[in-house]
Amino acid sequence: MYQLNEFSQRSDLDLQLADKVADILTKAVKLKGRASIAVSGGSTPKGFFELLSKKDLPWKEITVTLADERWVDINDDASNTKLVHENLLQNKAVDASFFHIKQGDDLSVETLADLNLAARSTVLPFDVLILGMGEDGHTASLFPCSREIHSALSKDASPLLKVVPETAPHHRITFSYAYLIQSENTFLHISGDNKKTVLEQALSNEDKFEMPIRAFLHHPSVMTNIYWAK
């Protein structure tokens, strides 16, 4: 299921999304004593990140993580971790915790096992999940071109897994669909006419292996809130 929210200005989208997410996180902390949010990289969420970082939230009880990450150095410009630290974990959000899904130099079996154990006890299930979408219909690092796509979309997958896309650079680590879909609140944050065209293509068919974002948009019982701005 999905709900499409359209905005003529990206600034309006960022403001409404920040207000919505702030409300969800505040209520989650009041209910459970803690909350978690998984975000995605790219340039699209920067404005949203800045606005959210200035919200008066119980940040000390909130853990931020990434839906996926490139296996690069934290100081590399391709690092989503760097992006989040520079744009979200600022202002009032400096008090939030950050769960690193890129740890160490090698993405080994042992590293994955340790990360999976930590993720289960630290951030899962997410209270908020902010997804992006590539022009090939991938989301997080669930790439249709990867050999791992069937395991990544499997209901039996571990929380975190390694993905090697064939049409994009860098090895990746990503949360699997089985755990992403468990988020209490899921948002797809996209902008621009090109992404609107990709979205329309994704909505026209249910083949998730061709466009993995379809696994979220066509789920029979989980709502994905689409926030799109021109």
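Two strands pair if DSSP finds at least two bridges between them; strands (E, at least two residues) and helices (H or I, at least four) are DSSP runs, numbered from the N terminus. In this predicted model, local features need pLDDT of at least 70 and side-chain atom pairs count only at pLDDT 80 or more, while totals for chains, interfaces and linings use all residues. Residues are numbered from 1 along each chain as its sequence is written, and side-chain values use heavy atoms, with hydrogens and water left out.

An open sheet is formed by 3 strands in the order β4-β8-β7, with antiparallel pairing. Its edge strands, β4 (68-70) and β7 (160-163), each pair on one side only. Between β7 and β8 (residues 172-175) there are 4 bridges, and Lys162 stands opposite Ile173 in β8.

Elsewhere, Asn80 belongs to helix α3 (residues 80-87). Asn80 has a relative accessible area of 6% and is therefore buried, where buried means under 20% relative accessible area, exposed over 50% and partly exposed in between (1.4 Å probe, protein chains only).

The structure also holds 5 aromatic pairs. Rings of Phe, Tyr and Trp (its six-membered ring) pair if their centres lie within 6.5 Å; planes under 30 degrees apart count as stacked, over 60 as edge-to-face and the rest as tilted. Tyr177 and Phe216 form an edge-to-face pair, 5.0 Å centre to centre with 80 degrees between the planes. This pair links distant parts of the chain, since Tyr177 lies in helix α6 (residues 177-180) and Phe216 in helix α8 (residues 214-217), 39 residues apart. Both Tyr177 and Phe216 are buried.
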